[in-house]
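Here's a quick briefing to read with the model open on your screen. Take it topic by topic and click along as you go.

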Amino acid sequence: MSLLEVKDVNKSFGGLAALSNINLSVDEGTVHAIIGPNGAGKSTLLNVMIGLIEADSGTVEFDGRSLSNVSPHDIIQRGIARVFQTPQIFPELSLRENVAIAGLARRDGKFKMNALQSPRRTAEVYDAAEDLLEDMGLKDLVHEEAQHLSRGDKRRLELAICLAAEPRLLLLDEPTAGMSRHDTNQTIDLLKKLAERGTTKVVIEHDMHVVFSLAERISVLAQGQIIADGAPDEVRGDPKVEEAYLGG
Ligand code: ADP
Ligand code: MG
């Protein structure tokens, strides 16, 4: 079943066609990668997918309902989470508090520093937060202030924050961008672990190799158009894809 449906989407910036006639469907429970060279339109497509950028024409439906004119709070409540390129965390709060606040945000519709002041709710959300942090390999750091984390651990915290909202759809824009080979491999392992949780995921990547081991379906974007779409094995051997990468 399709969870997210993009139909005939076009988006231009000035005279530049960033997206041309995009049709894409993300099936529930799958990991769907969108790859392509720099400037292909990947981030624009992701922003259109979550209603952050309004398309010039075409539609985006999540779970059968349109995403036009949806506020960021509604996005969270509808079950869509996005991993930002820059982590959105409260630096002076502990890891556990950061994750707990995100867990409460799903219900309240917004991230609030004072969300944890109701003791009735805290025990439960703290337990859930600690479980998630343990899954992310951050068990020993639950009481640490977020600002003291290494870059790789911040990425892990950010994923825990996203998962705390129990999203039905998780979107990641170049999760390994700027990372060393070592951190990239660790992140791939982490994403594979996440895949086991069954959350539907859209992963945007510039580096093809990151997604071939991760995704069940790959859409290739070049110059604003989808030039290939299928299982990793189908996409890998496609001459159009190689050309797009060599040319880009
Ligand atoms: P990718 O994420 O694949 O690298 P982007 O979606 O960021 O590509 O960009 C696609 C094209 O659209 C690029 O040529 C980029 O310069 C242009 N673009 C993206 N966002 C804007 C914007 N807000 N204003 C003008 N041009 C933009
Ligand atoms: Mg981008």
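Domain bounds here come from an automatic or database domain assignment. On that basis, the C-alpha centres of domain 1 and domain 2 lie 26 Å apart. Keep in mind that this is a predicted model: local features need pLDDT of at least 70, side-chain atom pairs count only at pLDDT 80 or more, and totals for chains, interfaces and linings use all residues. Residues are numbered from 1 along each chain as its sequence is written, while chains are lettered from A and ligands numbered from 1 in the order in which they are written.

**Two domains and where they touch**

- Domain 1 comes in two pieces, 1–79 + 169–248, and domain 2 covers 91–166.
- Where they meet, nine residues of domain 1 are in contact with eleven of domain 2; contact means that the C-beta atoms of two residues, placed from the backbone, lie within 7 Å.
- On the domain 1 side, α2 (72–78) and α6 (181–196) are the elements that give two or more residues. Names like these are DSSP runs numbered from the N terminus: helices are H or I with at least four residues, strands are E with at least two.
- The biggest giver on that side is α6, with five residues.
- By type, the domain 1 side splits into four nonpolar, four polar and one charged. Here Ala, Val, Leu, Ile, Met, Phe, Trp, Tyr, Cys and Pro count as nonpolar, Asp, Glu, Lys and Arg as charged, and the others, Gly among them, as polar.

**The nonpolar core**

- A nonpolar core is a set of buried Ala, Val, Leu, Ile, Met, Phe, Trp, Tyr and Cys residues joined through C-beta atoms within 7 Å. Buried means 20 or more other C-beta atoms within 10 Å of a residue's own, exposed means 12 or fewer, and partly exposed is in between, with C-beta atoms placed from the backbone.
- The largest one has 74 residues, and Met49, Val99, Ala160, Ala164, Leu171 and Val220 have the most contacts inside it.

- Which residues surround ligand 1? They are Phe13, Leu16, Ala18, Gly36, Asn38, Gly39, Ala40, Gly41, Lys42, Ser43 and Thr44; a residue is near a molecule if its C-beta atom, placed from the backbone, lies within 6 Å of it.
- That shell divides into four nonpolar, six polar and one charged.
- β2 (16–27) and α1 each supply at least two of the shell residues, and α1 has the largest share, with three.
- α1 itself is mostly covered, since six of its eight residues are buried: Lys42, Thr44, Leu45, Leu46, Val48 and Met49.
- Just past the end of α1, glycine 51 takes a positive phi of about 75°.
- Asparagine 38 sits in the loop between β3 (31–35) and α1 (42–49). Asparagine 38 counts as exposed because it has 7 C-beta neighbours inside 10 Å.
- The C-alpha atoms of asparagine 38 and glutamine 223 are 9.2 Å apart, although 185 residues separate them along the chain.

**The open sheet**

- Four strands make an open sheet in the order β2-β1-β4-β5, with antiparallel pairing; strands pair if DSSP finds at least two bridges between them.
- β2 and β5 are the edge strands, each pairing on one side only.
- β1 (residues 2–13) is joined to β4 (residues 57–62) by five bridges. Across that pair, lysine 7 stands opposite threonine 59 and valine 6 opposite valine 60.
- Eight bridges join β1 to β2, with leucine 4 opposite valine 26.
- Those two strands form a hairpin with two residues between them, and glycine 14 in the turn has a positive phi of about 60°.

**Two non-glycines with positive phi**

- Asparagine 69 has a phi of about 55° and lies in the loop between β5 (65–66) and α2. Is asparagine 69 buried or exposed? Asparagine 69 is exposed, because 8 other C-beta atoms lie within 10 Å.
- Glutamate 174 has a phi of about 45° and is found in the loop between β7 (169–173) and α6. With 18 other C-beta atoms within 10 Å, glutamate 174 is partly exposed.
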